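Subject: Structure handover

Hello,

Here is the structure I promised to pass on to you. Have a look at it first, and then read my notes below.

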Amino acid sequence: MNTIKLPSGLEFKCTDEGAIFMMNAKTANRYNELYDKAIDELNRSNDLRAFDRMHEQVRKECDPQEVYFYEFNNHESMYAYDGDYEAIKLIIDIFGEDIARKIKRYNAGYSIDYIMIPEWVKHTWLMLQRLIRDCDYYLGCGNRCAKHLWARDEEAQITEMRKLLAELPDEYKPEWLTSKKIDVYESKMLNLQPVVL
């Protein structure tokens, strides 16, 4: 376990289990106090704005790197299937994207760029991927049986793919699916063209 010193002066080391141990943290305890205070306030008053107030104080009083390490350990990011997602997401929510990009990260599961993509866009991508897989199976081992399609109908499947693709803003349109690729699926599925996978 070698000690690492950041330009800010913060010294830390990673334990054999993957947790982060800070030796000279100055604000981690204050972060913990503010968090506990927000939980107490929430329990007493049921006022969800307690966390907004807490975040405001944390921005003023706490070091983002220390908060990240604290939350990395708190969320057991060393074991999490999505890595440090919870810890870095909190940094983004509290301090903003620019500060999050400066954080020394461990077990980074996703890039900041990916995390910043709206969840509805990620969901749309996943749905489009599922629809494509269905079409590929339909055209291959599925033996052109519509029950293997999400929409249970060839035309409806193609219509859904076009609709979802059209809903995405240009900056989030996937390179792996274009209108022309949907045209190819439509041609193969509706016109019974020879299938080349």
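Glu160 and Lys163 both sit in helix H8, three residues apart, which is about one turn of the helix. Helices here are DSSP runs of H or I with at least four residues, strands are runs of E with at least two, and both are numbered from the N terminus. An α-helix has 3.6 residues a turn, so residues three or four places apart point the same way. The side chains of Glu160 and Lys163 meet in a salt bridge, at 3.6 Å from N to O; the term stands for a side-chain nitrogen of Lys or Arg within 4 Å of a carboxyl oxygen of Asp or Glu.

Before going further, please note that this is a predicted model, where local features need pLDDT of at least 70 and side-chain atom pairs count only at pLDDT 80 or more, while totals for chains, interfaces and linings use all residues. Residues are numbered from 1 along each chain as its sequence is written, and side-chain values use heavy atoms, with hydrogens and water left out.

Is Glu160 buried or exposed? Glu160 counts as buried because its relative accessibility is 16%, and buried means under 20% relative accessible area, exposed over 50%, and partly exposed in between (1.4 Å probe, protein chains only). Lys163, with 40%, is partly exposed.

Glu186 forms another salt bridge, with Arg162, and their closest N and O atoms are 2.7 Å apart. This pair links distant parts of the chain, as Glu186 belongs to helix H9 and Arg162 to helix H8, 24 residues apart. Glu186 is partly exposed at 29% relative accessibility, and Arg162 is partly exposed at 28%.

**Other salt bridges**

The structure holds 16 salt bridges. One of them joins the side chains of Glu97 and Arg101, at 2.7 Å from N to O. Glu97 is partly exposed with a relative accessible area of 30%, and Arg101 is partly exposed with 40%. Glu41, Asp47, Arg49 and Arg53 are linked in a network of salt bridges.

**Two nonpolar cores**

A nonpolar core is a set of buried Ala, Val, Leu, Ile, Met, Phe, Trp, Tyr and Cys residues joined through side-chain atoms within 4.5 Å. Which residues touch the most other members of the largest core? Among its 30 residues, they are Val58, Tyr68, Phe69, Ile88 and Ile91. Strand S3 (20-22) and helices H1 (28-45), H2 (49-61), H3 (64-74), H4 (85-95) and H6 each supply at least two residues of this core. The largest share, seven residues, comes from H4.

Leaving aside residues up to four places away in sequence, Ile91 touches Pro64, Val67, Tyr68, Gly96, Ala100 and Ile103, where contact means heavy atoms within 4.5 Å.

A second, separate core has 22 residues, including Val121, Cys135, Leu164 and Leu168.

**Helix H7**

H7 covers residues 119-139, and its end C-alpha atoms are 30 Å apart, which agrees with the 30 Å that its 21 residues should span at 1.5 Å a residue. That expected span is 1.5 Å times one less than the number of residues. The buried residues of H7 include Val121, Trp125, Leu128 and Cys135, and also Lys122 and Asp134. Their cover includes H6, helix H8 (154-167) and helix H9 (179-190).

Happy browsing!
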